[in-house]
Amino acid sequence: MNYRQWLADATQRLSQANPNENAKIDALVLLQHATGRSRTQILAFEETQIDEKMSADLIALLARRLKGEPIAYILGEKEFWSLPLNVSAGTLIPRPDTEILVEKAVAIVTEALQKCGQDSQRFRILDLGTGTGAIALALASELKPIAQKQHIQLDVIGVDVMPNVVTLATSNAEKNQLDVSFLQSHWFEKVTGTFDLIVSNPPYIDTKDEHLTQGDVRFEPLSALVAEEEGYADLRHIIANAPKFMRAGGY
């Protein structure tokens with residue numbers, strides 16, 4: 001079997017198993033992952049034969065996707081804000097929707113940094129429930145160059161309650177060569193000092209929500225998705241406690 005034949009077969013099987021998913025793209029991504037070749041290379045050399053070992057690898061990858069497992073978990077990586085991030089089954093998969101939060105935060109901080117002047121030499125950002133570190137790292141990538149021009153030290157700190165998640169986020173900082181600190185903490189529990197900006201994408205889904213049994217979220221950790229009090233518990237906790245860790249004029 002060659003690349004072209006495998007893609008055709010995999011696309012058909014994925015279309016039958018998950019009619020609402022983009023089967024053709026999924027099949028191509030899996031083949032890229034298994035071969036280490038780019039999309040262009042695969043399409044240009046579609047008659048390339050697949051050897052026995054690669055065939056076995058592809059069978060295993062396709063089986064996982066046919067069961068509905070998210071592509072990000074299969075590949076172990078997901079892009080967010082143009083940053084390649086390691087992901088694991090213990091973290092929420094970064095989603096494009098969350099980039100809206102980053103866009104808003106960047107606008108707020110950019111304006112605040114321009115107003116800092118000589119009266120403030122440090123600006124601190126806290127990301128609660130950081131997961132892969134996506135939000136914290138995106139903010140650092142955008143804002144650190146701006147802060148440097150203003151001669152202001154920008155500190156970005158992400159916290160998560162799970163130690164393995166903190167390790168993952170730290171690996172993503174190293175992977176993208178970004179200076180962000182990650183700390184194990186249940187929300188504000190081990191956080192010290194005050195901040196100019198606090199951001200979070202906390203769990204907000206009701207434990208009885210029917211969507212938890214659909215799509216990618218079936219494979220994602222419930223701890224990153226659901227909250228008590230019909231999904232509002234963590235939001236209320238953050239709102240109630242944030243003022244204690246907020247600098248005057250912060251967000």
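Predicted model: local features only at pLDDT ≥ 70, side-chain atom pairs only at ≥ 80, totals over all residues.
Colleague: Which side chain of opposite charge is nearest to Arg124, and how far away is it?

Modeller: Arg124 is buried and has no salt bridge. A salt bridge needs a side-chain nitrogen of Lys or Arg within 4 Å of a carboxyl oxygen of Asp or Glu.

Colleague: Then which backbone oxygen lies 3.5 Å from a polar atom of the Arg124 side chain?

Modeller: Let's go through the neighbours. Arg124 touches several residues beyond four places away in sequence, including Ile157, Gly193, Thr194 and Arg247. Thr192 is also one of those it touches. The backbone oxygen at 3.5 Å belongs to Thr192.

Colleague: Over which ring does the charged end of Arg124 sit?

Modeller: Among the residues that Arg124 touches are Phe195, Asp196 and Leu197. The charged end lies 4.2 Å from the centre of a ring, and that ring is the one of Phe195.

Colleague: Nice. How many residues apart in sequence are the parts that the aromatic pair ties together?

Modeller: A search of the whole structure gives one aromatic pair. Phe188 and Phe245 are stacked, with 4.7 Å centre to centre and 10° between the planes. Phe188 is in the loop between strands S5 and S6 and Phe245 in the segment after helix H9, so the pair links parts separated by 57 residues.

Key: Residues numbered from 1 in each chain as written. Heavy atoms only, no water. Buried < 20%, exposed > 50% of the residue type's maximum accessible area, 1.4 Å probe, protein only. Lys, Arg positive; Asp, Glu negative; His and termini not counted. Polar contact = N/O pair within 3.5 Å; in protein donor to acceptor, adjacent residues only side chain to side chain. Contact = heavy atoms within 4.5 Å. Phe/Tyr/Trp six-rings, centres within 6.5 Å; stacked < 30°, edge-to-face > 60°. Helix = DSSP H or I, 4+ residues; strand = E, 2+ residues; numbered from the N terminus. Lys NZ or Arg CZ within 6 Å of the ring centre and 35° of its normal.
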